[in-house]
Number of protein chains: 2
Amino acid sequence: MNLVNHQVRLAARPSGLPKRSDWELTTDPVPAPGPGEFVVAISYLSIDPAMRRLIDAAYREPVAIGAVMEAGAVGRVTASEHPRFAVGDHVYGGFGVQEFACSDGTGVTRLDPLLAPLSAYLGALGIPGLTAYFGLLAVARLHEGETVVVSGAAGGVGSVAGQIAKISRCRAIGIAGGPDKCRWIVADLGFDAAIDYKSRDVAAALREYAPGGVDVFSDNVGGEILDAVLTRLARGARIVLSGGQSQYAAQQVRGRARYLELIAARASMAGFLTPDYASRYAQARAELAGWLREGRLTSREDILQGGVRAFPDALLKLFAGQNIGKLILAVP
Amino acid sequence: MNLVNHQVRLAARPSGLPKRSDWELTTDPVPAPGPGEFVVAISYLSIDPAMRRLIDAAYREPVAIGAVMEAGAVGRVTASEHPRFAVGDHVYGGFGVQEFACSDGTGVTRLDPLLAPLSAYLGALGIPGLTAYFGLLAVARLHEGETVVVSGAAGGVGSVAGQIAKISRCRAIGIAGGPDKCRWIVADLGFDAAIDYKSRDVAAALREYAPGGVDVFSDNVGGEILDAVLTRLARGARIVLSGGQSQYAAQQVRGRARYLELIAARASMAGFLTPDYASRYAQARAELAGWLREGRLTSREDILQGGVRAFPDALLKLFAGQNIGKLILAVP
């Protein structure tokens, strides 16, 4: 076991995308658990679009300068003075960008490594999968036969959202950037159609693939893609917002806001946060795991190597849209 | 009775606000009703923000060049070959900007002139009042004790919306332009507070007047006012969109779109069209008329003189925000 704990801390508040100099790599001793605490050796870190928001001055409670960067992670308990977590347990929690974390168990979930590989608990069985699940099934209340459009369709949330739409007997259209992602979501994930927003006009493509209009839009991108979908809504459409990746690093959003299309379509746009559904996580995870086991759901993780040192570049890779599947950083 | 029918027709599709030269005044003979038709002598024309949208090339079915401008109006039947409308009946319908209209009765409602002055059927008992009513009570499902914010609060929809909020035992905060409007909605209509967006920062004023956040926002203005309210939403807030007056004549909407605030607030923004509730108009009008009679609801109409000739200027007055109460054009 390492005798030191490498950590990534926020060094400066970035404008736009964070530069390397906005981060600081620090070395602390590996913590020892106090009474009611346990220590986790982190295996995988989740690299999320929302991380850009967490460090923004405009965010409600941004990560403080000098604090360890927040991150969801999975790992294994290596020392425990906690009554409910034992050495060897596999766990998920907001452990931060570091190699070891000390926790009192708040917000920590025990995981079953026999059900799925540990990394899937940051993908289809993790917050991205749960976000897709509750967004479509609880917020949008998807009905069989509806036309569902998903943005960021090759990413962690979008790839699961499109598959849940198919499992729910809906038509799934994915919007993604580049031919590789578009091929993957149709050929491997079973989406009915893919729109490469880098080479096609999204509104025109939707006229072709969703001639009756869009019933449900699961969006975590925002910006011009949201504006394009707003012009193609079916009557009574529901837009579910789980994020706005294109907007997180934008200094000033420009462009024609098409929100007034909501009126003619009698449509709604609703925001939600996945942790509001925490009491239903276990049931949702069981259902998602069942679909995984039956081969109806694919969880693809794009796992980067390099440990916490590689975190600044991993985040930039995410915003450059280079990942296919959920982006994860392995911690040695 | 006039022997001619003066009409205002669309002469050119405007960019921005319509100029006088975008309209043409024409003179036709007064129509005679055919079988199943009747003729209405128009008394009052409704001057609406949505009129700008109706003539926009981007609108789904814009008013054609050369066609009589669409408008809601009230008047009296002067000739009839229709089984259900008799000479002397008072009626509301989409009669257009003209002195006489011929109708087959589609979308026409018979009015009771003893219940309220005829002009109130374009105000609190008309589409503006019904829009406020269904927006707050059917779409937002207002609960007692909530904090309701209303934009365009001295206009046709907003002035009724704030009063319905008070009747529903909610806190009503109006946003309007200028001290006269702000004084009127508090002193005469009973709003709890008014925010003059021309002299105050709306988000800062909401921090003061709605410290617990905004539960319901009835918006027909949009733009920067919507963005400001988005930053002050209470958890579970509902935004009801009945229009976007500030955006109708805008060539390009600029500014920071704050729609991502919907996520943290678990809030929704829903659009609707009042005619979807046509089957409930009679019941809603009876309730609104009851409140009028009891003195709990004030319908103020700002009635311009000058007849259909004055229509181009009346529309500009509306967009200059000069009216207090519902703007109406009297037709002699």
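Two strands pair if DSSP finds at least two bridges between them. By that rule β5(A) pairs with strand β7 (residues 109-111) of chain A, because three bridges join them. The two strands run antiparallel. The model is a predicted one.

- Strand β4 (residues 73-80) of chain A pairs with strand β5 (residues 90-93) of chain A. Four bridges hold this antiparallel pairing.
- Gly75(A) stands opposite Val91(A) of β5(A).
- Val91(A) also has a bridge partner in β7(A), namely Arg110(A).

**Helices α2 and α3 of chain A**

- Two packed helices are described by the angle between their axes and the distance between the axes.
- Helix α2 (residues 127-139) of chain A packs on helix α3 (residues 156-167) of chain A at about 45°. Their axes lie 8 Å apart.
- That angle makes α2(A) oblique to α3(A).
- The crossing of the two helices is right-handed.
- From α2(A), the contact uses Pro128(A), Gly129(A), Thr131(A), Ala132(A), Tyr133(A), Gly135(A) and Leu136(A).

**Helix α9 of chain A**

- Helix α9 (residues 281-293) of chain A has 13 residues, so at 1.5 Å a residue α9(A) should span 18 Å. Its end C-alpha atoms are 18 Å apart, which agrees.
- Gly295(A) follows α9(A). The phi of Gly295(A) is positive, near 80°.

**Contact between chains A and B**

- Chain A gives 25 residues to the contact, and chain B gives 25 residues.
- On the side of chain A that touches chain B, α8 (261-264) and β13 (268-271) each supply at least two residues.
- The largest share of that side, four residues, comes from β13(A).
- By class, the side of chain A that touches chain B has 14 nonpolar, six polar and five charged residues.
- β13(A) pairs with strand β13 (residues 268-271) of chain B. The pairing is antiparallel, over three bridges.
- Met269(A) stands opposite Met269(B) in β13(B).

Definitions and conventions:
Residues numbered from 1 in each chain as written. Chains lettered and ligands numbered in written order. Predicted model: local features only at pLDDT ≥ 70, side-chain atom pairs only at ≥ 80, totals over all residues. Contact = placed C-beta atoms within 7 Å. Nonpolar A, V, L, I, M, F, W, Y, C, P; charged D, E, K, R; others polar. Expected span 1.5 Å × (residues − 1). Axes fitted to C-alpha atoms, helices over the stretch in contact; angles between N-to-C directions. Parallel < 35°, antiparallel > 145°, perpendicular 65-115°, else oblique. Left-handed = near helix turned anticlockwise from the far one by under 90°.
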